[in-house]
Amino acid sequence: MGSFGGHIAPGLAFCIIGLWHLFNHTKLHTTNPKSYTSQPWFPISKFKHLELYFIIAASAASISMELFIMPLRHHPFAADGSLPSNHLHNLEHATISLTFLTYAALAVVLDKAAPPARTTLTHLLAVAALAQELLLFRLHSTDHAGLEGRYHWLLQLVVFASLATGVLSIHHSRSFLLSFARSLSVFAQGVWLVVVGCMLYTPRLIPNGCALAVEDGHYVILCGGGEAAERAKSLASILFSYYVVGVSVFGVLVYLFVAKLYSKDHVEYHYIDAAHDDDIDVGSDY
């Protein structure tokens, strides 16, 4: 992260996974409303573990970018083997990706080993990955002050929503609402990361009075004065409000579309007491 591409690429990955879960949870609940049970991931007919392999590949690519491609001289360590202060944020971002890579790899192992608790354990691994993500964003070595800090603080709210709904889903596995909210929040993480990448690292989108600069080898947003900084942070909060409305509308539209696509007529049979039904002639010939 810390750049346009560093936010856009992981943002798109979160969007893909969130939208995939949103679609499949809605499909599963629509076709089996009474027997619905939350799933941590969804297989594909010809490539069963494609979702998990996608997470592994995306996480590995992210780790490579953070540790070996993006840092100066393509190496995160100093000549004496220590980690320079300006590369700590690269290691933190790579650690987040490593956690998701571990989740996906262990999910594949659990599915192939097929122990009785594999679904619950996979849910727990996903929750652990989200908790690690929130912790590292919260204790970030980079001092996200001012405008940048506001955007990343709002991101933490979305990550917390994913974590909270994930924890609750372990105990309430039959709740479609929790699964839907978790999927939508994962998608929302991706959308907000894309928004952050665009708003902070596209010069013409940066608020008046602020500018993009380079400090310790990474980009930062500097605002000229207190009034400019407060105005920029207020604009970020307003944008987040519109973003919440937009994601909510999008989630409902996806639900309606998938529900209509996979809905089927449910024929219900009711016992009719002929003795108390004046409209039925029990003596009629058929």
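**Reading the labels**

Mentor: This is a predicted model, and its protein chain averages a pLDDT of 87, with 87% of the residues scoring at least 70.

Trainee: Which element has the lowest mean pLDDT, and which the highest?
Mentor: Strand S2 (residues 218-223) has the lowest, at 80, and H6 has the highest, at 96. Over residues 265-286 the pLDDT is below 50, and beyond near neighbours in sequence that stretch has five contacts in the model.

Trainee: What makes a low pLDDT a reason for care?
Mentor: Where pLDDT is low, the predicted coordinates should not be read in detail.

Trainee: On to the helices, then. Why are H1 and H2 called roughly antiparallel?
Mentor: Helix H1 (residues 4-31) and H2 pack at about 165°, with axes 11 Å apart. Angles over 145 degrees count as roughly antiparallel, so that is the label for H1 and H2. Their crossing is left-handed.

Trainee: Which residues make that contact?
Mentor: From H1 you have Ala13, Ile16, Ile17, Trp20 and His21, and from H2 Glu51, Phe54, Ile55 and Ala58. By class, the contact of H1 with H2 splits into seven nonpolar, one polar and one charged.

Trainee: Why do H2 and H3 get the label roughly antiparallel?
Mentor: Try the cut-off again: over 145 degrees is roughly antiparallel. Helix H2 (residues 50-69) and helix H3 (residues 88-113) pack at about 155°, and their axes are 8 Å apart. H2 and H3 are therefore roughly antiparallel to each other. The contact of H2 with H3 has 17 nonpolar, five polar and two charged residues. The crossing of H2 and H3 is left-handed.

Trainee: Which residues of H6 and H7 meet?
Mentor: Among them are Phe176, Phe180, Leu184 and Trp192 in H6, and Phe240, Tyr243, Gly251 and Tyr255 in H7. By class, that contact of H6 with H7 has 17 nonpolar, two polar and no charged residues.

Trainee: What does UniProt list as "transmembrane region"?
Mentor: Its unreviewed entry lists several spans, including residues 151-171 and 240-258.

Trainee: How do you know what those two spans look like in the model?
Mentor: Residues 151-171 are 100% helix and 0% strand, with the end C-alpha atoms 32 Å apart. Residues 240-258 are also 100% helix and 0% strand, and there the end C-alpha atoms are 27 Å apart.

Terms used:
Residues are numbered from 1 along each chain as its sequence is written. This is a predicted model: local features need pLDDT of at least 70, side-chain atom pairs count only at pLDDT 80 or more; totals for chains, interfaces and linings use all residues. Side-chain values use heavy atoms; hydrogens and water are left out. Axes are lines fitted to C-alpha atoms, for helices over the stretch in contact, and angles run from 0 to 180 degrees between N-to-C directions. Helices (H or I, at least four residues) and strands (E, at least two) are DSSP runs, numbered from the N terminus. Angles under 35 degrees count as roughly parallel, over 145 as roughly antiparallel, 65 to 115 as roughly perpendicular and the rest as oblique. A crossing is left-handed if the near helix is turned anticlockwise from the far one by less than a right angle, and right-handed if clockwise. Ala, Val, Leu, Ile, Met, Phe, Trp, Tyr, Cys and Pro count as nonpolar, Asp, Glu, Lys and Arg as charged, and the others, Gly among them, as polar. Contact means heavy atoms within 4.5 Å. pLDDT is the predictor's confidence in each residue, from 0 to 100. UniProt positions are given in the numbering used here, feature names are shortened, and annotations may be inferred rather than shown by experiment.
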